Amino acid sequence: MLPEKPSKNMTIREIIRRTTQRLEAAGIDSARLDAEVLLSFFLNCDRTQLFKNYEEQMTRDQLGAFDKLIVRRLSFEPVAYITGRKEFWSFTLEVNRDVLIPRPDTEIIVEEAIGVCRSAGCSRPQILDIGTGSGAIALALAREIPDARVTATDVSAAALEVAKSNARTFGLEDRVSFILGDLFENVSGTFDLITSNPPYIGAAEYDTLASGVKDFEPRLALWAGETGLEFYEKLIYQAHGRLREKGWLLLEIGAKQHEMIHSLMMVHNDSYRDIAVRADYAGLPRVIRGRRE
Ligand SMILES: C[S@@+](CC[C@H](N)C(=O)[O-])C[C@H]1O[C@@H](n2cnc3c(N)ncnc32)[C@H](O)[C@@H]1O
């Protein structure tokens, strides 16, 4: 089982091959990619540099230090928590175990939000992102809509620290403000656009989550009561009073929840118009939107 206790120097080529074997043996699907990402993180280079330097050797001391990262991955800790970073939209965001690792699917809500803002011709739009986590949605919108003012909330103070740090890194702290609170608590004013990717895992699904999610990502970011709909009920009900006329509510949804959430929005049919569901690139329902009448 190399390179668990390396007895000699090894080339980058050998390390990648043997690390991939160890990760595969543990049942990690993305073994080769993870081996390369972790090694490039460890060597502080990009992945292409690894291939250019395939025959370079790493010392036993280096191998011992690298092995500590692999042991973490073997326990199913997500790569993003080991490296402390994750690509989202046009950023590499800082992440830690206080925040959900932003998913590529969440870029759909960013695309939709930009689309509705542009088609509504909003100037200086006020945007609210509820449950901002690492700040992924809020910061992407602030970057893409340069005259927007964005308010980002979370009930987790630790998550907000990560989001604020990301805002500083990307020079967006002047246009994004952060509020600690439960949903709309402590938020004042009204908004042209409200976005949220709320927790949406119900009891039955929670038990089936992969270990890398359930054992490492914050329960606060995932758990949404017995049915998984708890946050949608509150958001759909409360957002109406916080939207400006013709303002949009956009929610990320779990793939199997769209009919229930669509019904919830229809129940508030006097409140929302132009309700529509957008699928992600895998064809699964991913975002629901509705406009305040
Ligand atoms: C699914 S994560 C989404 C994080 C981020 N927006 C993203 O898309 O990557 C949900 C977030 O909602 C936050 N949250 C949970 N309950 C909340 C509440 N009652 N009020 C505000 N935020 C809450 C969690 O702390 C977490 O950051």
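A pocket is defined on a 1 Å grid over the protein atoms alone, as an open set of points where a 1.4 Å probe fits, with protein on both sides within 12 Å along at least five of seven lines; lining residues have an atom within 4 Å of a point. The model is predicted: local features need pLDDT of at least 70 and side-chain atom pairs count only at pLDDT 80 or more, whereas totals for chains, interfaces and linings use all residues. Residues are numbered from 1 along each chain as its sequence is written, and side-chain values use heavy atoms, with hydrogens and water left out.

The volume of the largest pocket is about 970 Å³, a volume being the space filled by probe spheres set on the grid points, which are joined across faces, edges and corners. Strand E5 (126–130), helix H7 (136–144), strand E6 (149–154) and helix H11 (219–222) each supply at least two residues of its lining. Of these, H11 gives the largest share, three residues. Helices (H or I, at least four residues) and strands (E, at least two) are DSSP runs numbered from the N terminus. By class, the lining comprises 22 nonpolar, twelve polar and ten charged residues. Here Ala, Val, Leu, Ile, Met, Phe, Trp, Tyr, Cys and Pro count as nonpolar, Asp, Glu, Lys and Arg as charged, and the others, Gly among them, as polar.

Around the ligand are 19 residues, of which Gly131, Asp154, Asp182, Leu183 and Asn197 come nearest, a residue being near if one of its heavy atoms lies within 4 Å. This shell holds ten nonpolar, seven polar and two charged residues.

Polar contacts are pairs of N or O atoms within 3.5 Å; within protein, one must be able to donate a hydrogen and the other to accept it, and residues adjacent in sequence count only if both atoms are side-chain atoms. A polar backbone atom of Gly131 is 2.8 Å from a nitrogen atom of the ligand. For Leu183, a backbone N or O atom lies 2.8 Å from a ligand nitrogen atom.
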